[in-house]
Amino acid sequence: PAKELEALRVACLLNRAMARLRLGKWSEVVADTTRAMALGGETPKALYRRATALISLNDDVAAVSDLRNANKSVKGGDRLIGDRLCKVLQQMADKAIQNAQVREAQELYEEAAAISK
């Protein structure tokens, strides 16, 4: 019963996170998904939802970390996650170029290209 209850809590938190995502309540999405993961629900779904909120909160570095972990956790990667990861990496590379951080930009572009293959 305890495991079932925990699984139900995780499911409820992730469902609420999705509803809050649709409402644009980014900080609440981060809180719900983080709590769900602390309860043992570190799933691609939780990571992807949190990454989506983090992007909207302009925390691209944390979002990329979540997207990388989500993509690694799916055997062979996931197209939706991979596409979002590529997009964020490319945006980060564009920002790096604007800040004259050419080496960092090159590394980000290369990672994005490797994922999109």
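A residue is called buried when its relative accessible area is under 20%, exposed when that area is over 50%, and partly exposed in between, as judged with a 1.4 Å probe on protein chains only. The model on your screen is predicted, so local features need a pLDDT of at least 70 and side-chain atom pairs count only at pLDDT 80 or more, while totals for chains, interfaces and linings use all residues. Residues are numbered from 1 along each chain as its sequence is written, and side-chain values use heavy atoms, with hydrogens and water left out.

**Stop one: Arg 50**

Select Arg 50, which is buried because its relative accessible area is 17%, and which sits in helix α3, residues 44-56. Helices are DSSP runs of H or I with at least four residues, and they are numbered from the N terminus.

**Stop two: Ala 51**

Move on to Ala 51, also found in helix α3, where a relative accessible area of 0% makes Ala 51 buried. Leaving aside neighbours within four places in sequence, Ala 51 is in contact with Ala 63, Asp 66 and Leu 67, where contact means heavy atoms within 4.5 Å.

**Stop three: Asp 32**

The side chain of Asp 32 makes a polar contact of 3.0 Å with the side chain of Arg 20; not counting residues up to four places away in sequence, Asp 32 touches Leu 13, Arg 16, Ala 17 and Arg 20.

**Stop four: α1 beside α3**

Finally, show helix α1, residues 2-23, together with α3: their axes come within 11 Å and cross at roughly 25°. Axes here are lines fitted to C-alpha atoms, for helices over the stretch in contact, and angles run from 0 to 180 degrees between N-to-C directions. Angles under 35 degrees count as roughly parallel, over 145 as roughly antiparallel, 65 to 115 as roughly perpendicular and the rest as oblique, and α1 and α3 are therefore roughly parallel to each other. To see the contact, select Leu 14, Asn 15, Met 18 and Leu 21 of α1 with Lys 45, Ala 46, Arg 49, Thr 52 and Ala 53 of α3.

Notes. Helix = DSSP H or I, 4+ residues; strand = E, 2+ residues; numbered from the N terminus. Polar contact = N/O pair within 3.5 Å; in protein donor to acceptor, adjacent residues only side chain to side chain.
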